[in-house]
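The following questions and answers examine one protein model. Please consult the sequence and the structure shown below while reading.

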Amino acid sequence: MQAHQRQFIELALQRGVLRFGEFVLKSGRISPYFFNLGHIASGAALGQLGHAYATAAMASSLQFDMLFGPAYKGIPLAAATAIALADAHDRDTPFAYNRKEAKDHGEGGTLVGAPLQGRVLIVDDVMTAGTAVRESLALIRAHGATPAGVLIALDRQERGVGERSAAQELTAEEGVPVVAIAGFADVLTYAAQQPELADEREHLQAYRDRYGSI
């Protein structure tokens, strides 16, 4: 596990983004953990999160010219990542985001920010079915730009209907790589290193054994 992944998991725990217990997911599965990035609700926390995204982007092999944040959660995430790329990596990166509904006055349209062009990196929170990301891919391609990849906070590394996870399905079907700041395997590793999380790790490992993707 890399330093920025550990810092991200610690941030998630401190801010209540990552919680352990018993949670019923939309799929009906009973999960021993829950992840909700909506609990990042202060300037300091968002700044730390932006740095985690930026570090993950720079540590990956993704080549990108700009960022795109899908409405709504992706908007502050893309903005925070762009700020962190400039501050910590001396990389001034354009970003854009979309509106859920087209604006019928002023400049109109559904896009705000920099024009979609070149290699576009989508920044979002998590990926479940991948529906929102696919809509973003279609929008990017419709503007003549190229999707460079998808950057998410946590990859649950959990299979869906088949044997692959939503991230694996997206890569296979769309040819677009998915990079996460951390994956469920990293959460397991972190839990194994914390004596106070020993009991939680047993539940996490059991869930991984039952639902983990290939």
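Q: Which residues have the most contacts inside the largest nonpolar core?
A: The model is predicted, so local features need pLDDT of at least 70 and side-chain atom pairs count only at pLDDT 80 or more, while totals for chains, interfaces and linings use all residues. Residues are numbered from 1 along each chain as its sequence is written, and side-chain values use heavy atoms, with hydrogens and water left out. A nonpolar core is a set of buried Ala, Val, Leu, Ile, Met, Phe, Trp, Tyr and Cys residues joined through side-chain atoms within 4.5 Å, where buried means under 20% relative accessible area, exposed over 50% and partly exposed in between, with a 1.4 Å probe and protein chains only. The largest such core has 44 residues, and those with the most contacts inside it are F8, F35, L37, L49, Y53, F64 and I181.

Q: Which helix gives the largest share of this core?
A: Helices (H or I, at least four residues) and strands (E, at least two) are DSSP runs, numbered from the N terminus. The largest share, seven residues, comes from residues 43-59, which form helix 2.

Q: What kind of aromatic pair do F8 and F35 form?
A: The structure holds four aromatic pairs; rings of Phe, Tyr and Trp (its six-membered ring) pair if their centres lie within 6.5 Å, and planes under 30 degrees apart count as stacked, over 60 as edge-to-face and the rest as tilted. F8 lies in helix 1 (residues 3-14) and F35 in strand 2 (residues 30-35), so their pair ties together parts that are 27 residues apart in sequence. With 6.2 Å centre to centre and 50 degrees between the planes, the pair of F8 and F35 is tilted.

Q: Is F8 buried or exposed?
A: The relative accessibility of F8 is 4%. Because of this value, F8 counts as buried.

Q: Which residues does A153 touch, not counting residues up to four places away in sequence?
A: A153 belongs to strand 7 (residues 146-155) and is buried, with a relative accessible area of 0%. D124 is 29 residues from A153 in sequence, yet their C-alpha atoms are 7.2 Å apart in space. Contact means heavy atoms within 4.5 Å, and the residues that A153 touches are F8, F35, L37, Y53, D124, D125, A180, I181 and A182.

Q: Which residue in strand 7 stands opposite V123?
A: Two strands pair if DSSP finds at least two bridges between them. Strand 6 and strand 7 pair in the parallel sense over five bridges. Four of the five residues of strand 6 (residues 119-123) are buried, so strand 6 is largely enclosed by the rest of the structure. Opposite V123 stands L151.

Q: Which residue in strand 6 stands opposite F68?
A: Strand 3 (residues 66-69) and strand 6 run parallel and are joined by three bridges. Opposite F68 stands I122.

Q: Against which elements do the buried residues of helix 5 pack?
A: In helix 5 (residues 166-174), the buried residues are A166, A167 and L170. They cover an arc of only 100 degrees around the axis, taken from the directions from the helix axis to the C-beta atoms, which puts them on the same side of helix 5. These residues pack against helix 4 (131-142), strand 7 and strand 8 (178-183).
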